Amino acid sequence: MSDITVIANGQPRPAPAGCPLPEFLTALNLAPERVVVERNGAALTPAEARSVLLAEGDRLEIVRLVPGG
């Protein structure tokens, strides 16, 4: 499988072609259930995020959820 480049929070990151988004997040040391992701300008629901396969040039904005008040 060849590598692709994904832009995550403005930084180019390599990923295997067709990498599932949760796997990519885990590789970044992020818990998929503790982040909100926008892909190419569209916010993803948790169900959508679980089924996304990354493609060359995807632009991700990843925001960590922080509990507390």
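This talk walks through the strands, the core, a pocket and several individual residues of one predicted model.

Good morning. Because the model is predicted, local features need pLDDT of at least 70 and side-chain atom pairs count only at pLDDT 80 or more, while totals for chains, interfaces and linings use all residues. Residues are numbered from 1 along each chain as its sequence is written, and side-chain values use heavy atoms, with hydrogens and water left out.

Five strands make up an open sheet with mixed pairing, in the order 2-1-5-3-4. Strand 2 (11–16) and strand 4 (42–43) are at the edges with a single partner strand each, so one side of each has no neighbour in the sheet. Helices (H or I, at least four residues) and strands (E, at least two) are DSSP runs, numbered from the N terminus. Two strands pair if DSSP finds at least two bridges between them.

Let me take the pairs in sheet order. Strand 1 and strand 2 are antiparallel partners over six bridges, and Ile7 stands opposite Pro12 in strand 2. These two strands form a hairpin with two residues between them. Strand 1 and strand 5 run parallel and are joined by two bridges; here Ala8 stands opposite Leu60 in strand 5. Strand 5 also pairs with strand 3 in the antiparallel sense, over five bridges, and Val35 has Arg64 of strand 5 as its bridge partner. Finally, strand 3 (residues 35–39) and strand 4 form an antiparallel pair over two bridges, in which Arg39 stands opposite Ala42 in strand 4.

As background, most residues other than glycine have a negative phi. Asn9 is in the loop between strand 1 and strand 2. Asn40, in the loop between strand 3 and strand 4, likewise has a positive phi of about 50° although it is not a glycine. Asn9 counts as partly exposed because its relative accessibility is 41%, and Asn40 counts as partly exposed at 45%. On this scale, buried means under 20% relative accessible area, exposed over 50%, and partly exposed in between, with a 1.4 Å probe and protein chains only.

Ile7 belongs to strand 1 and counts as buried because its relative accessibility is 17%. In strand 5, Ile7 stands opposite Arg59. Leaving aside neighbours within four places in sequence, Ile7 is in contact (heavy atoms within 4.5 Å) with Pro12, Asp58, Arg59 and Leu60.

Where is Asp58 placed? Asp58 is in the loop between helix 2 (46–51) and strand 5 (59–64). Is Asp58 buried or exposed? At 4% relative accessibility, Asp58 counts as buried. The side chains of Asp58 and Arg39 are joined by a polar contact of 3.1 Å. A polar contact is a pair of N or O atoms within 3.5 Å; within protein, one must be able to donate a hydrogen and the other to accept it, and residues adjacent in sequence count only if both atoms are side-chain atoms. Not counting residues up to four places away in sequence, Asp58 touches Thr5, Val6, Ile7, Arg39, Asn40 and Leu53.

Next, the core. A nonpolar core is a set of buried Ala, Val, Leu, Ile, Met, Phe, Trp, Tyr and Cys residues joined through side-chain atoms within 4.5 Å. The largest one has 17 residues, of which Leu21, Phe24, Val37, Leu54, Leu60 and Ile62 touch the most other members. Strand 1 (3–8), helix 1 (21–27), strand 3 and strand 5 each supply at least two residues of this core. The largest pocket has a volume of about 190 Å³, and among its 13 lining residues Pro32, Glu33, Val35, Pro46 and Ala49 are the closest to its centre. On a 1 Å grid over the protein atoms alone, a pocket is an open set of points where a 1.4 Å probe fits, with protein on both sides within 12 Å along at least five of seven lines; lining residues have an atom within 4 Å of a point. Grid points are joined across faces, edges and corners, and the volume is the space filled by probe spheres set on them. Thank you.
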